[in-house]
Each structure stands twice: as structure tokens, then as C-alpha cells.
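Please look through the model below before reading on. The points that follow are meant to be read with the structure open beside them.

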Amino acid sequence: MRFTDYKVFKTALGGRLLQIEVGKVAEQANGAVTVRYGETVVNVSACMAKQPRENQDFFPLSCDYEEKMYAAGKIPGGFIRREGRPSEKATLCARLMDRPLRPLFPQGFFHDVQVVATVLCVDPDCSPEVAAMIGSSAALSISDIPFAGPTASVNMGLIDGKPVVNPTLAQRAVSQLSLTISGTADAIMMVEAGANEVEESLVLEALFAGHEEIKAIVAFINEIVSEVGKPKFEPSVDPAPEALCADVVGYIVPRIDEALHIFGRSEQQARIKLITEEAKAEFAEKYAEVEKYSKYVAHIFEGQLDARFRRMILEDGVRPDGRGTTDVRQIWCETGFLPRTHGSGLFKRGQTQVLSVTTLAPLREAQTIDGIGDETEKRYMHHYNFPPYSVGETKPMRSPGRREIGHGALAERALIPVLPTEEEFPYAIRIVSEVLSSNGSSSQASVCGSTLSLLDAGVPIKAPVSGVAMGLIQGEDGKVAILTDIQGLEDHYGDMDFKVAGTPKGITALQMDIKVHGLSREILEKAIVQAQEGRAYILSQMQEEISEPRAELSPYAPRIESIQIDPEDIGTIVGKGGKTINGIIAATGVKIDIDDTGLISIAAIEPEGMAKAIEMIEMLLKEPEIGEVYEGKVTGIKEFGAFVEILPGKEGLLHISEMENHRVDRVEDVLSLGDAVTVKVKGVDDKSGKISLSRKALL
């Protein structure tokens with residue numbers, strides 16, 4: 001079959017072929033592309049509802065990243081053997097697609113838009129996430145959906161101090177940085193990163209090197225649009241009547257200014273909410289005939305609140321809680337908040353409060369990952385919960401949403417670089433961050449609280465990690481204010497949410513979202529330097545509570561000791577059908593893990609059980625020595641002698657002539673099955689390993 005509209009477009013990205021195909025599949029979508037990057041194949045489609053949602057006040061965009069296990073040559077795990085709910089990684093990838101796209105749709109556009117990226121084939125060296133992000137921009141750009149793109153995306157590594165574009169699997173293993181960037185030709189739109197304490201200057205270098213690659217991909221997508229792009233749909237505009245607008249603005253502006261100078265959050269929120277209702281009541285009679293009257297008033301109010309909020313910060317230099325632009329809210333820390341958990345840290349900054357709780361467990365309790373990527377196990381898990389009471393609301397309690405998963409992953413990335421290795425600290429580690437109260441940057445509060453919790457648990461981390469969220473206010477005249485430690489109102493009405501976490505040595509995690517059409521290099525440089533100062537101050541406050549790991553683990557945490565054995569001896573420890581190792585576990589109450597290298601990890605709450613398990617394992621591995629005396633057990637009787645087990649799994653022959661210091665006619669006259677007998681090792685055959693024993697030598 002021939003596809004008359006089928007087009008293929010090719011370019012290079014990171015030294016590998018990037019190919020975008022249009023017109024072969026998903027022909028009923030508003031826009032669809034197949035992205036081939038190396039041997040990775042991702043199909044991306046974009047669709048728009050024909051009618052806008054009624055009574056909608058935010059843009060209904062949904063992005064989905066679909067992992068198909070066949071893409072990696074796998075059959076899904078579980079009973080039903082088919083893909084179920086999205087994995088954590090798929091959820092994070094969907095967020096990566098969404099965040100740079102959302103700001104580029106027109107204000108007041110309320111048609112549902114759905115972008116679906118389906119991973120059909122995976123080449124480990126060519127990121128399907130990057131292919132999906134590029135594909136989502138390309139699909140929207142060639143469609144009739146109103147979208148002010150295109151955007152493009154790359155992943156940047158850092159090897160030997162040099163930025164690397166879209167590193168391969170082998171390069172990712174040694175890279176000091178994993179930095180995902182999205183942007184337009186003019187500016188960076190979104191950043192997501194994990195780093196191994198990388199200096200700010202190197203992160204900035206990688207950021208701007210990545211943006212140069214983005215510019216080239218944007219130009220490539222524009223070429224595709226010029227050849228196959230559709231005319232853009234123009235959404236209808238529904239402006240408020242001019243007289244209504246003038247009346248409402250004149251009424252609410254002085255009241256908004258008054259409310260913004262109330263520096264208590266609860267009072268301020270209550271007053272702001274009341275202004276809208278007062279304005280609706282004030283002009284209800286005059287504009288009784290105006291359809292959508294309440295909607296118009298609410299829209300005008302939002303616009304004016306945004307404008308007056310910006311004016312107060314840019315012209316008066318005053319933030320909604322009275323702080324200056326670089327001030328951090330008051331900090332309070334406490335460790336050991338929970339008496340029987342393995343570690344706990346309570347971190348409060350302003351009205352944001354997070355309790356982080358550490359649990360230690362044997363390595364066997366690490367998370368197994370069933371996905372299309374190369375990662376199969378997670379030793380460190382960070383989970384973030386955001387209950388409705390944390391913002392004084394009521395709503396159903398359900399499983400974690402995309403925001404909770406994203407914030408947990410950000411905190412996880414921030415702390416991984418400072419964790420001890422498995423050899424240094426052979427534990428699986430789980431931290432749960434419970435947001436108890438939230439007014440801005442609870443994700444970074446969870447980073448700080450988790451550092452406190454790890455130190456309280458006695459985990460020997462390499463360095464403490466602190467985090468801060470930076471904001472941005474841009475005026476129409478180009479005036480800019482960068483804000484340290486943003487709170488809820490500044491996040492909602494501001495132009496940027498730039499989260500930075502790290503140690504005194506460097507950055508460990510970044511996340512940036514913006515609502516404008518990009519940020520300049522100058523703003524990013526200033527924000528990252530200002531964030532460094534904020535992080536240092538926050539860390540100083542944390543260290544007043546705890547500055548180093550506890551000397552001892554909690555008495556309720558398992559003690560884990562490791563023994564390295566020859567891999568050839570694993571079978572001896574395990575025994576037939578696991579009989580030997582299960583016997584040790586039953587006798588001592590410990591948990592035992594053995595990996596393929598012969599590393600044995602023993603976990604126990606009681607020290608007596610630990611000591612007994614180690615002794616039993618050592619006895620299994622002990623070799624009999626000539627001249628040594630053992631207390632053995634008779635396991636077999638023959639005419640010529642008795643077999644005696646002198647060590648677990650090791651038997652020797654006690655010949656009939658070695659049983660007494662006089663002649664013995666029948667073995668049964670001296671010994672019976674199960675008898676305990678003290679013997680001396682007379683000899684060990686070098687070739688066969690056979691052991692000869694003597695009782696006579698001890699009489």
C-alpha cells in the first residue's frame with residue numbers, strides 16, 4: 001500500500017539519526033508523528049475536542065506516556081500479564097511532556113487537548129523520553145491546535161567536566177549529571193535534573209549547551225511545519241463589556257491593594273475571596289441582563305489581582321508576607337519526633353511543614369522495577385504525600401497523583417548522591433515525607449526534612465542536602481524580581497518555580513517550570529546564584545538541630561552485617577532446596593540475603609540471633625584441620641566403622657580400629673546412630689577430601 005501523504009524528515013541529534021515520519025499512522029488525530037531515534041520508535045498523537053468545556057477556568061491539557069513492554073522484548077509481570085496503570089517512570093515522563101507545552105497555549109482556550117506518546121520500540125542508547133518530548137511538540141506544531149511552539153528537548157550528561165548531548169547507556173553510567181531541558185528557539189522553558197554535587201557553573205554550562213541543540217531541533221520541526229502543517233484553529237474570544245470592566249476595576253483595585261498588605265496568610269486569603277463576592281453583589285442589579293456576569297467579574301478580578309501583585313513586588317519591593325526578595329521564612333527543625341521509627345525529621349519553613357520518616361531494611365526489600373528501562377531495582381525509595389488538610393481543604397483521599405509522584409522523585413534525586421554505598425551501609429532505605437501544612441515549596445521542605453531524618457537514623461550520608469524554591473516576577477516594562485523561598489501566592493501568580501537542592505559542594509537536583517515563553521541566560525544565572533545563598537542559610541539552620549549522623553542506629557532498626565564468601569560456596573550455605581539457609585533462619589530469627597558475588601547480608605533485631613547466625617555460617621565454611629578435636633555426631637554405621645559429622649555438612653570416617661585402645665569386634669558394641677562422640681582429625685586426603693578420624697588417640 002502506498003501512502004500518498006507520507007513524508008520522512010531527517011536530522012542528527014547527539015551523533016545519531018533523528019527521523020520524524022508524518023502521514024503513515026494515526027491519520028484521524030489532529031496531528032501525529034512517528035519519531036525514530038536510533039532504534040527507538042515512539043508514536044505521538046495530538047487531539048483536540050471540537051467544543052470548549054463549559055464553565056472551565058483552566059486549560060484542560062492531558063499528556064500521557066504509554067510504556068509498552070513489547071518495546072523492550074518483555075512480557076508484563078503480574079497475574080493478568082498486560083500493562084496496567086502507568087509506572088512511576090511513565091508518570092514522570094508524562095509530566096516532562098506536559099510542563100514545557102502548557103505555557104504555550106493561548107489564554108482563555110478551554111478545548112480539551114490530549115497528547116499521547118506510545119513507546120513502540122526501545123534502544124537503550126536512545127532515550128524514548130526525549131523522543132516523546134520532541135514528538136509531542138512536532139505533533140502539536142503540525143496540527144490545527146493553537147500552539148505557540150515548537151519546543152524541543154534534550155538530555156545532557158557531564159563527563160570529565162564536559163557536556164554530552166543525549167548520552168548513551170554506557171555514558172549515563174559514568175555521567176555526573178542527568179539534565180533534561182526543553183525550550184523554544186528563544187529561551188529555556190523547563191529543566192529537570194539530578195546531579196552528583198555538580199558546581200553551579202558547570203550546570204549552567206550544560207544548560208546553555210543543551211539550548212544550542214534545542215535551537216537546531218526547533219528549526220528542524222519548523223521545516224516540517226512549513227511542508228505539512230495545518231492552518232491553526234482560532235478560539236473564540238469572549239471579552240467582558242467595557243462598562244462592566246471599568247466599573248469592576250475601579251471597585252476592586254483599592255481593595256486588592258489593601259488585601260495584599262495583610263501579611264497573615266489566612267486573613268489575606270479570606271479578604272481576597274471576599275472581594276470577588278462583594279464586587280458581584282455591588283453591580284448585580286446594574287448588569288442583571290448581562291449573560292455570564294459572575295464569570296466576567298471573576299475573570300476581571302483574577303487579572304487585576306495578578307497585576308497588583310506584580311506591581312507591589314516590582315515597584316514597592318514588598319512581597320505578600322512582607323519579606324524582601326532574598327529573605328527566607330523563619331525555619332524550625334526537630335529530629336527524633338517519633339520514638340519508635342528508625343529516624344524522623346520535622347522541618348518547618350513559614351507555613352510549610354513536612355515530617356520525613358526513615359525506615360531501614362535488608363537489601364532484599366529494595367523495590368523491583370518492571371519496566372522498559374535498564375533500571376531493575378531501587379535500593380532507595382522516597383515517597384511524598386500531600387493530604388488535603390495540609391492546605392485546609394477537604395477532598396477524597398486517593399492514591400498518589402502525578403504531582404505527588406513528581407515531588408517524591410525530585411527529593412529522591414536530591415538525596416541519592418549523598419547516600420553511602422551498599423558496601424558501606426548494606427540497607428534498603430525508604431523515606432516517606434508527609435506534608436502536614438503547605439504554603440509553598442513543600443518538595444524542598446521534604447528534601448530538608450529527609451536530610452534531618454537520615455541523620456537521625458544514623459545513616460552515614462556524605463553531606464547534608466538543603467533545597468529552596470526560587471520565583472520570578474516579570475513586568476511589562478522588562479523589570480524583573482527574583483524571589484527566594486516562594487510561597488503559595490507567589491507560585492500561583494508568579495512566572496517561575498525553580499527548585500534547587502544540593503550540598504555546600506554543589507547541586508544534586510533541579511526542577512524548573514515557567515509560565516512565560518522562556519527565560520534569558522542572565523535571569524537563570526542570577527536565580528541559581530541567589531538559590532545557592534538561600535540553600536546555605538537553610539542548611540545553617542538545619543545544622544543547629546543536627547550536624548552529623550547519630551553514632552548508633554535506633555534500637556528498633558535491624559542490624560545488618562555482611563560476610564563475603566567464595567561464590568562457589570553459596571550452595572553450601574543455601575543447601576538442597578534451601579534447607580540449610582532456612583534452618584539457620586528458623587534457629588536464629590534473622591533475615592539472610594546472598595547475592596551472586598557471594599556477599600551475605602544478615603539482618604537481625606536481637607544481637608544474640610545475629611551472633612548465632614554468623615557462627616553457624618562460619619561453621620558451614622570451616623575446613624577440618626589435622627590434629628583438631630571436634631564434638632561430632634554419628635550419622636552412619638558400617639561394618640568397618642562409623643561416619644561422624646564433625647562440622648555442618650562435613651563427615652569423616654571413624655574406622656573400627658580407631659574407636660578404642662583395644663580390639664573392637666562390632667561397631668554397634670561401641671556406638672549407635674545419633675551418638676555424640678569426641679574425635680580427633682587424623683588425616684585429610686588432598687585429592688578426595690576424605691577425612692579420617694580417631695577416638696583412640698584421645699583415650
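The numbered points go from the whole chain to its sheet and then to its cores.

1. This is a predicted model, in which local features need pLDDT of at least 70 and side-chain atom pairs count only at pLDDT 80 or more, while totals for chains, interfaces and linings use all residues. Residues are numbered from 1 along each chain as its sequence is written, and side-chain values use heavy atoms, with hydrogens and water left out.

2. The chain holds 14 helices and 29 strands, where helices (H or I, at least four residues) and strands (E, at least two) are DSSP runs numbered from the N terminus. Its radius of gyration, taken over C-alpha atoms, is 33 Å, well over the 27 Å that the globule rule gives for 699 residues, so the chain is more spread out than a compact globule; that rule is 2.2 Å times the number of residues to the power 0.38. The C-alpha trace spans about 125 × 70 × 45 Å along its principal axes.

3. An open sheet is formed by 8 strands in the order β8-β7-β9-β10-β21-β20-β18-β19, with antiparallel pairing; two strands pair if DSSP finds at least two bridges between them. Because β8 (162–165) and β19 (480–484) stand at the edges with a single partner strand each, one side of each is left without a neighbour in the sheet.

4. Strand β18 (residues 466–474) is joined to β19 by 5 bridges, and the two run antiparallel; glutamine 474 stands opposite valine 480 in β19. Helix α7 (residues 293–316) lies across β18 and β19 and runs at about 105° to β18, the angle being taken from 0 to 180 degrees between N-to-C directions of lines fitted to C-alpha atoms, for helices over the stretch in contact (heavy atoms within 4.5 Å).

5. In the largest nonpolar core, which has 129 residues, Phe105, Val113 and Phe498 touch the most other members. Such a core is a set of buried Ala, Val, Leu, Ile, Met, Phe, Trp, Tyr and Cys residues joined through side-chain atoms within 4.5 Å, and buried means under 20% relative accessible area (1.4 Å probe, protein chains only). Helix α4 (residues 200–228) gives the most to this core, with 11 residues. Apart from this core lies another, of 29 residues, among them Ile256, Ile275, Ile300 and Tyr493.

6. Which residues does phenylalanine 105 touch, not counting residues up to four places away in sequence? They are Phe59, Leu61, Val113, Leu140, Ile145, Pro146 and Phe147.

Technical notes:
Buried < 20%, exposed > 50% of the residue type's maximum accessible area, 1.4 Å probe, protein only.
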